[in-house]
Amino acid sequence: MSPHRPEVGEIFRRFRDRLAADGRHQPTDSTDRPTVNDHSTARATANDQSTELPAANGESTGRRGRRGGGGRRGGGEELRVPEAEFTSYYGRPILKAPVWKWDIAAYLFTGGLAAGSSLLAAGGQLTGRPALRRAGRVTALAAVSASAVFLVKDLGRPARFHHMLRVAKPTSPMSMGTWILTAYGPAAGVAAIAEAAGVLPRHGLLGMAGRALPPVGNVAGLLAAGTAPALATYTGVLLAGTAVPSWHEAYPELPVIFAGSALASGAGVGLLAAPTAQAGPARRMAVAGAALELYGTHRVETRLGLLSEPYRQGNPGWLLRASRMLTIGGVAGALLGRRSRLVSGLSGVSLLAASLATRFGIFYGGVASARDPRYTVVPQRERVDARRSGMDLPSDRAAPPAV
Amino acid sequence: MIPDPNSLYGPLDPAPDAGWSSAPPRMGFFTDTSVCIGCKACEVACKEWNGVPESGLDLLGMSYDNTGALTANSWRHVAFIEQPRPAGHRTPPFAGTPTDASVSAASAAVAAGTSKRTGTDPGVPTGTPSAAARMAGGGPVDVLGAIAADPTAANPIAADPTAAGLGSAGPQFLGMPGAQPPGRGTGEEGRTDFRWLMMSDVCKHCTHAACLDVCPTGSLFRTEFGTVVVQEDICNGCGYCISACPYGVIDQRKDDGRAWKCTLCYDRLGAGMTPACAQACPTESIQYGPLDELRERAAARVETLHERGVPEARLYGHDPNDGVGGDGAFFLLLDEPEVYGLPPDPIVTTRDLPKMWKRAGIAALAMAAATVAAFVGGSS
Amino acid sequence: MGLRTFIEGWPVYRQLTGTDPLGRGAAAQSARSAGLTARTEDADSVARSVCPYCAVGCGQRVFVRDGQVSQIEGDPDSPISRGRLCPKGSASKSLVTSPLRQTKVRYRRPYSTQWEDLDLDTALDMIADRMLAAREQTWEDVDTQGRPLNRTLGFSSLGGATLDNEENYLIKKLFTAMGALQIENQARI
Amino acid sequence: MAEAHPVGFQWVMEAKRKGAKVFHVDPRFTRTSAVADSYLPIRAGTDIALLGGVVRYILDNELDFREYVLSYTNAATIVSEDFSDTEDGDGFFSGFDPETGTYVQDSWQYEGNEGSSGSGHTAKERDSASGLEHESHGAQVDGDTPRDETLQHPRCVYQILKRHFSRYTPEMVERVCGIPQDKFLELAEAWTRNSGRERTGMLIYSVGWTQHSVGVQYIRTGAIIQLLLGNMGRPGGGVMALRGHASIQGSTDIPTLFNLLPGYLPMPHHADHPTFDEWVDSIRHPGQKGFWGNAGSFAASLLKAYWGDAATPENDFCYGYLPRMTGDHGTYQQVLNMIDGKIKGYFLLGQNPAVGSAHGRAQRLGMANLDWLVVRDLFEIESATFWKNGPEVATGEIVPEECRTEVFFLPAASHVEKEGTFTQTQRLLQWREKAVEPPGDARSELWFFYHLGRRLREKLADSKLPRDRALLDLTWDYPTHGPRAEPSAESVLREINGYDVATGRPLSSFAEARADGSTAIGCWIYTGVYADGVNQAARRKSRHEQDWVAAEWGWAWPANRRILYNRASADPDGNPWSERKRYIWWDAEKGEWTGHDVPDFEKTKPPSYRPPPGASGTEGIAGDDPFIMQGDGKGWLYAPSGVLDGPLPTHYEPVESPVRNPLYGQQANPTRKMYAHPVNSVNPSPPEGHSQVFPYVFTVSRLTEHHTAGGMSRTVSPLAELQPEMFVEVSPELAVERGLAHLGWAHLVSGRAVIEARVLVTDRLTPLRIEGRLIHQVWLPYHFGFEGLVTGDSANDLFGISLDPNVLIQESKVGTCDVRPGRRPTGPALLDLVADYQRRAGIGPGHNAPAVTTDSEGRERSDS
């Protein structure tokens, strides 16, 4: 090839300009666009009718329902929701659905729980609320350990989990998350172990350890708390950093939702574990967390247009609605039942459940959006058509907005 | 060294950006579907060279496509689309024969119901009949007419699914819509135009490869040739790349757990050889070479086709300014991308990465602040 | 491997010190990938062959490693095929290395419901005996008018279109010398 | 072509890229049609009507390459006044004998040669498939023939041609083939416009063309067009056969065929060839022009190669050892004889008749009635396991416990496990190097037959029987090598090439062949492949290092000529017709023929040469007679002999057709080979009654992803997964008519069998309007059987056995059937279904359509 390689893209700018200037290219526009139009208009009927198709055939409905490939089109509800018009190769998904199983959704919860708990613990540590401290530290360790198990278990090659430490890639939320966990995990662990100081004998080696532990634990506790917010929010980027339509487009909200959900769950632990006297901060955390969570969830359910659909329908819709109820109930309980250990405990449980439901709802909402080509094609097609009508470059892409 | 400003988005020569200071010219594929004869030599040659396992033995009824999609066990996939539409300047194939309305859309809708085990999960999932019908449609598509026709009355076998063998064939209906007795058509109101699109799909080896950027192990890496390769000795099957690919290319293999896709025959490139599929391709539909050369060749080819009365010819994935910074493997198509199962306007997820981290940071601060407030504010 | 080499082999270290801070390429490449070469490169031998399927006669290169066929691909030198192969030709390696290939003699005795093993040498001997017997029983010396026939119609043969010219030559020569006339192949079908 | 020969198709795509227009004629829209500029759907079995229409188009518009036609074809030759055409005979030429269903060809001869057809009666020629002999040379005709250079004489070939095809109008093409007139005219116009002095056009057919009861005449019609347009013997022209097996050309040149000996020498016939001289003369035709004058040398040299020292001029080179034909000993006759218990043993060498041959049931029943069967293959194919897995086992027709056949399965060596030559479809020999040893018991055929022969000779060593002499005197001493004593393929190739008996020097040209026993040649047309003791077929000079003819890649017979009759690429005076098409020309200075290829002409015979009166053999060929193997040196528009079913192609309906022949009272080829055997019933066609019982036309062919009977593709996973199941393609219109659903099941019924397949309802098939009637066609792949990774019913089971009279190839590209939704019955119920159809169609066992149907009422006149 020629020794001098022109700057990448140069050739194509020239080529595009040539075509744009060139009348001969018009036919593409004039003959191509109409056909598309004809088809869309002509097929609107077929399309609407075809939505009855599954209903017309119980067998296939059941089958598709099982497969989930287009499960949404299963029920009669379908008939009321006019199907967004799109084309795809034999109607099949364009994206590969996430291969992550339920344990990643569970990790989203345990990771957030750990973070929330560590913050709670640190607060307790600094403001002299031992119950909050202890409960927070112990829960954090338990949660982060569970997280590790979930993460490794989900790998196709669990024995190779340590390959995660080969690289440190800012472009990879999962890589960043790995390093955050690497920093957070040990700290949370030490902090929790320090709680054992009380039960150690006064004398001898163990005695010395017993005296040494609390300060060490305190340092570790603060370290954990320092990394906890990152741990709680990076998972938002983890999901958003994919081609899964309803995850990616929700990137502004996901960290907020997860932060709130983490706070709420941490608060839940506090409400469960601490005597009502010490639980004040937990109640306030619950309020803050719930606020963030409810706000974020509401946004993704409404702001994304077509891509909000998956969060409103089927199991994800159900989960998110449940989460909302539980959150509100939890907060109410936390505020009103401040004198009753039982009510506080129950609100704690309901906040935890809410957080769990949120994570699963968001997770499966995204999965559904990847399984249905509609959510891939429609928004992109709109983008292209808008651009085409915008500038006279039918078969070519215009430069997208700079970052 | 400072990463290129376009490191996450926009035109970029990826190899130097990935640390290959003295990189050879970027190599890639240009797949010209206007000369593809759908022989599938590419699929076989790829499997032979790369030792890709068998991907299932089911008849899909998607025209002659029994592979279904790009999967961990099919790194080249030839798509077949039957459409009652004009093919360039060609004489209408069925002009003057006693035909009725077209069946392409209806058959495609049925085929959408088939699925296939490919050694991956979920293999080839079923599709949306109406979207399939639109893919194959060339005019009014009366899918309903086909379906609504009372199976038992009009279609004796449909009454008995087992006899009809439709257990796996999705919705049952007659081969074609319309109650008009066959052959009444003069050919005028019947189908006359027809074209059979074929296209060999493959990994796009994007300039901005999300799969690569999100890979937490560095298993996916950018080669000195600018291609994107999974290192099977590194991959631990975290599956992140699979949700990150905007084309749905990379996939996880069952009983193996790792992610697999086209390597653009990295080992052959190293030896100065042509990738297996391109070498086998009988009609030069798959062309391999320095990307810049291929882009110029493709530009010329499109112009030729336009001159020869094929206005529907257009390039896909050639433009360094598109959402993924241009594909290392790009295509000449004769219809909209989604007809071939390609996303119409993919955008690499990392474009928004800085904004994402920013939002995460703010959320994190909010979280911390909320905690502090929770403890300092208030009495109890 | 010393600690130092271990550290220097660690991609993160290479990210920090090398040209690939983002760990996208050079830094992330594994030792295996770095050492990767096409298996055709280290083949023990390469045979110039021809595709066994249709009659176009596409050139093939057969690469052999450790006595096994390691790859079969088109011969770029061929003026007929220019290195290209159809799906069948491309599958030649799977054809010759197929696990379904039967590599042992199989024998089904009359009225039996299954195969038995048989030694190749014995099989050859049994076949020879049966040919001679059939020839014996069905030999025709002359026709009704005493004109020579010199033949047997007692056994026949079908096949050759997938065989080599040399093989067809021996088949025809041997059968003709035995007076066996009913020799046919795909060219008639 | 894209379907069956994708790599060959790269050249079509290349031409297309350069602006060539590609036409594709096929009953169904294939992957070739997808990239063609024009697709013409056609009713299976009507190609002669289409091509005949082109011939008429050329003649009516005087678009023929007149100078070429005048000098190089027999257009001007005058035909006997006894000749009468099918136009006058309602589908019959003069000389038909209803008793035997064959022609007496005397009246077809050129004027003044009526006596010399040599074939008073062609019945014998039909049984011995004598048409095959002409693969390397034309039939007999006397050289000196009366001509009318003005082409005005009413009995000159040109005028006869005109009359014969006068009714093949665009309207008639549409009525018969279902091709709309404007599309036909588009084809005819483009074809003729791209031929002539400056341009050449090529006709490519796949050998499905040969699988018709008029197969040879299909190709004849193509040849007539190409001769009229001046497309023969010129670059970019010709009639190209795309054959389907790696060395099927080689297995015809060095025939494993009952009626031939190597080099297209006929196997002797007990009545016609009692002596060596009569045998040779029947080939040589004393007094005839052309290269066959040397037949004696070729014959003697072959026998010398067979029997070495034992073969002497005194004993006619052991001519007496050769077995004699008494009639039809073809593969289908054999199978019927097997069913009748007349054949004891059967060898299958890389062939799978249980799936690949017409009437699979007859094939399997035949094999089930043998004493012994030897199957040599790579895989356990259907023909090796019919006794336990065949469909007849399910129906109870074959009971393993009662099946006598003793089966030997011997694993064969693959193409990389042995060395040798394939002859590809353009007569090019390519040597294959051996890559690895065959696994286990696998052996090459070379090994098997050499050692089998050795063993047979040992067992007979002490025999005093005269009949064993042939075997004992046989030269059978090929050097072997390796632990397995593999015979040397090169030594065999050397014998095929031929050598000087005295010195052992390999011959370099068949011109060196001698009739005195001083040369031994295994196959004279291959002489030169081992010239100078060098294996010329092993030449692999890269295409990048030689010109476009690539003469140094492999070796083509004869004499490494890449284009036959290439003298025709120059005008009568020896100059190229045009610079664009320059190929071979006369170099006056050097006084020799020269060019890009080896001249297919005596190198130093000047264009001006005229043979002395009475000259015969090669010296009888004039300097402007390019077709040197022809008796008159001309390309034959009209074949006075050699073609048994007529001097000119005529449209007859397929043996099984739902349509009455629109052109003649005679429905189907009256000379076709029919077998009245109980197992072989033929579906009724008009004018017979009940043809509506089998209302649909079915045709079969290949898929790119599979190979023939599937033995080499259904067993290979990367191929099997690409086309994993037997299916049938139907048009939307038929789907409605018969209630077929996409991906549902259907079963097809013929008078022989019923098979089932998954349904693909596709726009790629279309009904055709024929004679105002709607004719539906369905298409099936014929690759499937009951063994392998993917299985399915065999399409070939549907066919009966009716053969082309010239070469005894079966009609297995078109038949009639019924199509029914759902799966077929199993077990005995399946037989009942077929029986019921036979009853309704009124076809008893062995029913054959009447050979002669000229009676317009359609009542049978003779026969049956």
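This is a predicted model: local features need pLDDT of at least 70, side-chain atom pairs count only at pLDDT 80 or more; totals for chains, interfaces and linings use all residues.
Chain B has an average pLDDT of 87, and 85% of its residues score at least 70. I then looked up the stretch of chain B at residues 139-188, where pLDDT stays under 50. For that stretch the model has 151 contacts beyond four places in sequence.

I turned next to chains A and C. Six residues of chain C are in contact with six residues of chain A.

The remaining entries concern helix α24 of chain D, residues 828-841. I checked its length: at 1.5 Å a residue, its 14 residues should span 20 Å, and the end C-alpha atoms are 20 Å apart, so the two values agree.

Which residues of α24(D) are buried? I recorded L830(D), Y837(D), Q838(D) and A841(D) as buried. Viewed down the axis of α24(D), the buried residues fall within an arc of 100 degrees, and therefore they line one face of the helix.

I followed that face to its neighbours. In chain D, the buried residues of α24(D) pack against α18 (391-395) and against the strands β24 (745-749), β25 (754-761) and β30 (815-821).

The other side of α24(D) has exposed residues: P828(D), A829(D), D832(D), A835(D), D836(D) and R839(D).

Finally, I looked up the backbone just after α24(D), where G842(D) takes a positive phi of about 65 degrees.

Conventions: Residues are numbered from 1 along each chain as its sequence is written. Chains are lettered from A and ligands numbered from 1 in the order in which they are written. Two residues are in contact if their C-beta atoms, placed from the backbone, lie within 7 Å. pLDDT is the predictor's confidence in each residue, from 0 to 100. Helices (H or I, at least four residues) and strands (E, at least two) are DSSP runs, numbered from the N terminus. The expected span of a helix is 1.5 Å times one less than its number of residues. A residue is buried if 20 or more other C-beta atoms lie within 10 Å of its own, exposed if 12 or fewer, and partly exposed in between; C-beta atoms are placed from the backbone. The arc is that of the directions from the helix axis to the C-beta atoms.
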